[in-house]
Amino acid sequence: MSYLDNVLFAIILVLGFGYFYSNIKKIIRNINLGTAINRKDNSKARWKNMAMIALGQSKMVKRPVAGFLHIIVYVGFIIINVELLEIIIDGLFGTHRVFAFLGTFYNVLIGSFEILALLVLVAVFTFWTRRNIIKLKRFANKDLAGSPKKDANYILYFEVVLMSLFLLMNASDLHLQNIPGGFSHFIKAGSFPISHFIEPLFNGTSNELVMLLNEFFWWLHIIGILIFMNYLYFSKHLHILLAFPNTYFADLNPKGQLNNLESVTNEVKLMMDPNADPYAVTPANENAVPSKFGASDIQDLNWVQLMNAYTCTECGRCTSACPANITGKKLSPRKIMMATRDRIEEVGKNIDANKGVFMPDNKSLLNDYITPEELWACTSCNACVEECPVNISPLSIIIDMRRYLVMEQSAAPTPINAMMTNIENNGAPWQYNQQDRLNWKNEI
């Protein structure tokens, strides 16, 4: 590599990582639009969650076929990043296979990379077949119509191109390594269990042309990785990065345990305290502003819920397990998360367009993105939370939005309003007076 090539490589690298950094800053800014919530408790359990679920893929393997294939692609992704380190050093300093001094270990490493690259190609082909030929129900759902379906395929095509370039790069490198007497800077280094089957394609080609092709594959591979890295921001594959913090900051409470609104809890405590003066002004409440109950837009949700939306893999496991969706209701937990992310992005673009200030746009998450019909179809069973491979909780968003409908708009469906009226008047969901509850036994 010439000095000019090194400079060009450094410029491409700075542009690639610079754009990536700017997008990460936007994501962090958008997540911080949510309200505060304390998720710093029980760090031991949180680290275990992250290790088991994000790193160990423990929830993925509940569906063995998809789980096993995903692990292959996941390990392949990690391997690409290890290999990327050598490419960056070679590109910046004009070296060739800078880690070759590791000897046998390096050979094993490169050999492992190649086997994984082949397995990734097999896994990607299987994923593509499941989505586009077999058309599994959870991938053929209307939630994924249009750009989400295209996005999933784009990622698969990206992975095919990157792995193919890696193998072609190694095959051309191997061909030049095997030239009697040596050729240019191509030293014997690495083990090539897969690309040695590709290497004969270069037989009969001039050494100079093979070297040119090698450089072409090398440049395309690194540029492809940088493009893929920056495409993550616009893709569901952002979970590659966010799965780790998302599982760490996940709710550790037992499933089914709902949080209480602090303002309501304090009000009830005040009512139950016979010595409390409800009109007394204390430092804690002298500047208190009545809080908004529930959530109607993304600014009302907490930051963990917004991170959940960005982390969603769109795999559809939540929707395929949702009893409401199975019975034909409009609710789809996957769509809840996708709609939330779309609204976050819309608000973020609004802020960017208005120099860091959000200008009201007469839209909200409720009604414009998620309808009350979807929210009230939920049975609160937690099936979606249990199924999610990265510990996302669509239910928490549904509950907060239902709270807004009930407590701010008094917009609960008639049967629910009747039930709450009965609880208030009769101490039970039924319309019968407490004294009349056992009258049924007289009819036997």
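Guide: Let's start with a cluster: ring pairs link Trp-47, Tyr-248, Phe-249 and Trp-303. Rings of Phe, Tyr and Trp (its six-membered ring) pair if their centres lie within 6.5 Å. This is a predicted model, where local features need pLDDT of at least 70 and side-chain atom pairs count only at pLDDT 80 or more, while totals for chains, interfaces and linings use all residues. Residues are numbered from 1 along each chain as its sequence is written, and side-chain values use heavy atoms, leaving out hydrogens and water.

Visitor: Why is the pair of Phe-158 and Tyr-231 called tilted?

Guide: Planes under 30 degrees apart count as stacked, over 60 as edge-to-face and the rest as tilted. Here the planes are 40° apart, with 5.8 Å centre to centre, so the pair is tilted.

Visitor: And what makes Tyr-233 and Phe-234 edge-to-face?

Guide: Their planes are at 90° and their centres 5.0 Å apart, so edge-to-face it is.

Visitor: How do you know whether Tyr-233 is buried or exposed?

Guide: Buried means under 20% relative accessible area, exposed over 50%, partly exposed in between (1.4 Å probe, protein chains only). Tyr-233 comes in at 12%, so it counts as buried.

Visitor: Which label does Pro-274 get?

Guide: Exposed, because its relative accessible area is 75%.

Visitor: What makes the charged end of Arg-131 sit over the ring of Phe-139?

Guide: The rule wants NZ of Lys or CZ of Arg within 6 Å of the ring centre and within 35 degrees of the ring normal. The charged end of Arg-131 sits over that Phe-139 ring, 4.1 Å from its centre.
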